[in-house]
Amino acid sequence: MTAKRFTLLRAVLLTLHVAMLLHSHAFSLPYVDHPDEPAFYLAGQVWLGKFEMGSYMRGYPPAYIALELIVAQLLRRLGLPEMSQTVNVMRWIAVAVSAGTLWLIFSAAREAAGDWASLVAGAAWISSPLVVSHGVYGTPDPFVYFTVAWSLWLSITALRRERPHFALLAMLVGALAVLIKLMVVPALLAGVT
């Protein structure tokens, strides 16, 4: 098969993935039924002193909360102050980030083992029920998937193309994943051992 056909197949899989996510991204809105989505919105409001949650979410990594707060503030200035409006935009962002994750998975698998591997890895990713269901939520998970896939691609590229600076970038991106969600730390410890 030619390189153009592999590129076309990857584009088809990417389009299918985005279509599935867009089909489900607005479920339940304006009612926010996922417990984590309002928690991150309210954590941002705590930072502004507009809400109090006690010790809940205290100590949570700041990256995602900061993004949510920035989006909420921008929407408020545009006259869209409701939590569900912010969650909706965060879900749109999650869809875009999920598409980026799939692209990075294609790239990492292609770099590691060729075009067929990229198609197999991409197909496995988009057919995973966990990915399809969590790839649209306004939560840190899509961003964690993205940063881990990015770090993986950088690591593989560093080894295959002998680019040591990519290894350093991979470590920095891995550290960014920890600023998004602490649960990433055990996965990163495997690289230290």
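Mentor: Of the contacts in the chain with a separation of 6 or more, 68% are between residues 24 or more positions apart; a contact means heavy atoms within 4.5 Å. The model is predicted, so local features need pLDDT of at least 70 and side-chain atom pairs count only at pLDDT 80 or more, whereas totals for chains, interfaces and linings use all residues. Residues are numbered from 1 along each chain as its sequence is written, and side-chain values use heavy atoms, with hydrogens and water left out.

The chain holds 9 helices and 0 strands; these are DSSP runs numbered from the N terminus, helices being H or I of at least four residues and strands E of at least two. The radius of gyration is 18 Å, close to the 16 Å that the globule rule gives for 193 residues, so the chain is as compact as a globular protein of that length. That radius is taken over C-alpha atoms, and the rule is 2.2 Å times the number of residues to the power 0.38. Buried residues make up 39% of the 193 residues, where buried means under 20% relative accessible area, exposed over 50% and partly exposed in between (1.4 Å probe, protein chains only).

As background, most residues other than glycine have a negative phi, and most peptide bonds are trans.

The loop between α1 (3–24) and α2 contains P30, which is joined to L29 by a cis peptide bond with omega about 15°. S28 is found in the loop between α1 and α2 as well. Although S28 is not a glycine, its phi is positive, at about 70°. S28 counts as partly exposed, at 26% relative accessibility.

M57 lies in the loop between α2 (36–47) and α3 (62–77). Its phi is near 70°, a positive value in a residue other than glycine. M57 is buried, with a relative accessible area of 17%. Leaving aside residues up to four places away in sequence, M57 touches A39, F40, A43 and I65. The C-alpha atom of M57 is separated by 31 Å from that of L154, 97 residues apart along the chain.

Helix α4 itself (residues 83–113) has 31 residues and reaches 44 Å from its first C-alpha to its last, close to the 45 Å expected at 1.5 Å a residue; the expected span is 1.5 Å times one less than the number of residues.
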